[in-house]
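Have your viewer ready, with a way to select residues by number, and follow along one stop at a time.

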Amino acid sequence: MIKLMIVDDHAMFREGLRRQFERCQDIQIVAEAGGIEQMKTLLETAQPDVIILDIKLPDGSGTSQISHIKKILPKCRVIILTMYDNVRYAIHAFEQGGDGFVVKGSPFKELLAAVLNVIAGKRFVSQATGNHLASHIHAANRKPSRLDSLSKREFEVLTHLSQGLHSKEIAAKLDLSEKTVSTYKARLMQKLNLANLSDLIRFAIDNGVSD
């Protein structure tokens, strides 16, 4: 029996997934959480084999919690769930230790396939994202994206800026000083050739760097 935890802040969405998974004989929903802190309190008692984890949660980024999950439950598999079919998000999720990446608009059979694949030790990517990822990697003559030049930390800062967070809030979430966050903001504007913070936030939103 595969023990599954669903972490998403939309109760109706969780309920919909639960009903779908209840039809699967070999899968049991052992816990649900609406945010990161609630997930953390349930991890050790629920002992899930697989966690379906939304990126954007009320108390932070789901992707940033993958390493914590793996530290508490080394054998637990994590499937990142997002509404954005963005290659950079998929890459970032896997860099953080994720095992699967599924877009919310995908049919349920893809999410089920993701659960079965990751529990078997394989990685899984939604079909649409997989196609984009293949193009991203193999298209030698493609026009490079300005996002490609960003480091993981710069991408995290850009993501938080697109969510409307101020430097102090970003510093707290990423365990950095406000001065360091300001340095990253200046570096982002320089790398992306943007004049000010408003342009930076607009660029992030326009390029789907928000969830």
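Start by selecting Ile-51 and Val-78: Ile-51 stands opposite Val-78, which belongs to strand S6. The model you are looking at is predicted, so local features need pLDDT of at least 70 and side-chain atom pairs count only at pLDDT 80 or more, while totals for chains, interfaces and linings use all residues. Residues are numbered from 1 along each chain as its sequence is written, and side-chain values use heavy atoms, with hydrogens and water left out.

**Stop 1: strand S6 and its partners**

Now select the whole of S6, residues 77-82. Strands here are DSSP runs of E with at least two residues, helices are runs of H or I with at least four residues, and both are numbered from the N terminus. Which strands pair with S6? Strand S3 (residues 50-54) runs parallel to S6 and is joined to it by five bridges. Strand S7 (residues 100-103) also runs parallel to S6, with four bridges between them. Two strands count as paired if DSSP finds at least two bridges between them. To see the S7 pairing, pick Thr-82, which stands opposite Val-103 in S7.

Is S6 enclosed or open? Five of its six residues are buried, so S6 is largely enclosed by the rest of the structure. Buried means under 20% relative accessible area, exposed means over 50%, and partly exposed lies in between, using a 1.4 Å probe and protein chains only.

**Stop 2: helix H1**

Select helix H1, residues 11-21, and color its buried residues: Arg-14, Leu-17 and Phe-21. They cover an arc of only 65 degrees around the axis, which puts them on the same side of H1. The arc is that of the directions from the helix axis to the C-beta atoms. Here is a rule to keep in mind: an α-helix has 3.6 residues a turn, so residues three or four places apart point the same way.

What do the buried residues of H1 pack against? Look for strand S1 (2-7), strand S2 (27-33), S3, S6 and helix H5; contact means heavy atoms within 4.5 Å.

**Stop 3: salt bridges**

How many salt bridges does the structure hold? There are 13, each a side-chain nitrogen of Lys or Arg within 4 Å of a carboxyl oxygen of Asp or Glu.

- Lys-104 and Asp-54 meet at 3.2 Å, N to O. They link distant parts of the chain, 50 residues apart, with Lys-104 in the loop between S7 and helix H5 (108-119) and Asp-54 in strand S3. Lys-104 is partly exposed at 26% relative accessible area, whereas Asp-54 is buried at 3%.
- Glu-156 and Arg-153 meet at 2.8 Å, N to O. Both lie in helix H7, three residues apart, about one turn of the helix. Glu-156 counts as buried at 13% relative accessibility, and Arg-153 is partly exposed at 29%.
- Arg-187 and Glu-154 meet at 3.6 Å, N to O. Arg-187 lies in helix H9 and Glu-154 in helix H7, so the pair ties together parts that are 33 residues apart in sequence. Arg-187 is partly exposed at 35%, and Glu-154 is buried at 2%.

**Stop 4: helix H8**

Next, select helix H8, residues 167-174, whose buried residues are Ser-167, Ile-170, Ala-171 and Leu-174. Seen down the axis of H8, they fall within an arc of 100 degrees, so they line one face of the helix. The face turned away carries the exposed residues Lys-168 and Ala-172. Show helix H7 (152-162) and helix H9 (178-191) too, as both are included in what covers the buried residues of H8. Just after H8, find Asp-175, which takes a positive phi of about 60 degrees.

**Last stop: the largest cavity**

Which residues line the largest cavity? Select Ile-55, Ser-61, Thr-63, Ser-64, Tyr-89, His-92, Phe-155, Glu-156, Thr-159, His-160 and Leu-174. Helix H4 (87-95) and H7 are the elements that give two or more residues to this lining, and H7 gives the largest share, four residues.

Definitions and conventions:
On a 1 Å grid over the protein atoms alone, a cavity is a set of points where a 1.4 Å probe fits but cannot get out, and a pocket is an open set with protein on both sides within 12 Å along at least five of seven lines; lining residues have an atom within 4 Å of a point.
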